[in-house]
Amino acid sequence: MKTADVIVIGGGIVGASAAAEIASAGAQVLLLEMESQPGYHATGRSAAMYEPCEGIALVRALTRASYGFFSSPPDGFVDVALLSPRGVLMLGYEGDERLIADAKRNGFADIDAGFARSKLPLVKLDGVIAILWDGQAQDIDVDALHAGRLRALRRAKGEAVADAAVRRGERIRDAWRLEADGETYEAPMIVVAAGAWSDQVATSCGLAPIGLQPKRRSAAVLAGPAGASVADWPEISPVDVNFYAKPMGGKLMLSPADEDPVQPHDAWADDLRLAEAAAGLERCVDMQVQRFERTWGGLRTFAPDGLPVVGFDPAADGFFWLAGQGGYGIQTSPALSRLAAALLAGREIPADLTREGVSQEQLSPRRFR
Ligand SMILES: Cc1cc2nc3c(=O)[nH]c(=O)nc-3n(C[C@H](O)[C@H](O)[C@H](O)COP(=O)(O)OP(=O)(O)OC[C@H]3O[C@@H](n4cnc5c(N)ncnc54)[C@H](O)[C@@H]3O)c2cc1C
């Protein structure tokens, strides 16, 4: 049987970031991941954006509090920039007045047609009543971020075990005993960072679920218009975000921004919704979508109130939730992993998070118990 101070269940960006932060604070950490590749699920399927003007107020606060890590990670963490400029261009139409006002309140700026065309020369502005711009939005190098976290865990003498799906857990005296694909692991504290599967893990440990809801989101990669380089295009979407598109690896990533409630599974794309998104893109940009080169689906997992769930479960000693990051799990991972490491060590919430208005009560699983 392997033992540790803390076992983190789930090796996506949330679990890997938390494991690295907890290990760096001196605890002995084991990270258990059910797949052979830790980024196989939501983490490896995202749009890889840092968008400080998106999401509800608490998510925006967590995103702002994550900026420092992305812009100046610890020495030796990565040898590439984690962020690179992107920007988001949003188009508002008649009937979108409330959404336009909300977007401006959240930090989007009004821009004119000339500025919009300087960012995206092929943008179509027929019928547009507002053009909005978020110049703070950036691309995140998710692979580098995730690999950096796993490296930091190893450097801090932690261990990541792949092909280790936790099937059952039991509190025996002062420790959790976990069974994962034929092996037994034990630690006084466990952190459930299993994304869409977090409720299932809780149930297999004898706890009531929180009511986390995975929602499927589809995506595709397609070529840009013939002769045009799309690499410097911003992300583009209508203000009601019934699709969005952004450059990815020299091509365009397109998503219908669908959010169909589903059970946890290895997700795939909804082709019909992708076709609708392609029609939306053609309405906003002067281009024709010929075919999708690749499609995929991913799960964004939400708590009933749409906020992350971070903290010890009041119903079970040593059971720590780190789930429900929805569509913002990558951009909030630096702040949430620091918060988790502090709470697990019995420390106060980091001061910069408090200054941003983040409190333990807002995120605690107690709100569902
Ligand atoms: C199309 C799309 C676009 C997105 N765009 C963005 C974006 O631009 N910016 C952003 O910040 N976020 C974005 N997101 C959301 C982001 O991807 C997620 O919030 C984030 O990846 C969640 O990370 P995670 O580690 O919780 O989940 P996951 O990456 O799913 O990791 C959970 C891990 O737990 C493992 N696991 C499950 N059960 C067990 C078990 N029993 N035992 C052991 N391991 C287990 C799984 O194998 C998995 O690796 C997007 C998501 C999608 C689908």
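These legends describe close-up views of a predicted model. Local features need pLDDT of at least 70, side-chain atom pairs count only at pLDDT 80 or more, and totals for chains, interfaces and linings use all residues. Residues are numbered from 1 along each chain as its sequence is written, and side-chain values use heavy atoms, without hydrogens and water.

**View 1. The shell around the ligand.** The ligand has 39 residues around it, and E33, T43, M49, G326 and Q331 come nearest. A residue is near if one of its heavy atoms lies within 4 Å. The shell divides into 21 nonpolar, 13 polar and five charged residues. Gly counts as polar here; Asp, Glu, Lys and Arg count as charged. Both α1 (13-24) and β20 (294-302) supply at least two shell residues. The largest share, three residues, comes from β20.

View 2. A polar contact is a pair of N or O atoms within 3.5 Å. A polar backbone atom of M49 lies 2.9 Å from a ligand oxygen. For V166, a polar backbone atom is 2.9 Å from a ligand nitrogen. The protein buries 96% of the 1,000 Å² that the ligand exposes when taken alone. Areas follow the Shrake-Rupley method with a 1.4 Å probe.

**View 3. A48, a positive phi in a loop.** A48 sits between β3 (29-32) and β4 (49-50). Its phi is near 60°, and it is not a glycine. A48 is buried (under 20% relative accessible area), at 14%. A backbone N or O atom of A48 lies 3.4 Å from a ligand oxygen.

**View 4. R173, a positive phi in another loop.** R173 lies between β11 (166-172) and β12 (175-180). Its phi is about 50°, in a residue other than glycine. R173 is exposed (over 50%), at 72% relative accessibility.

Terms used: Helices (H or I, at least four residues) and strands (E, at least two) are DSSP runs, numbered from the N terminus. Buried means under 20% relative accessible area, exposed over 50%, partly exposed in between (1.4 Å probe, protein chains only). A polar contact is a pair of N or O atoms within 3.5 Å; within protein, one must be able to donate a hydrogen and the other to accept it, and residues adjacent in sequence count only if both atoms are side-chain atoms.
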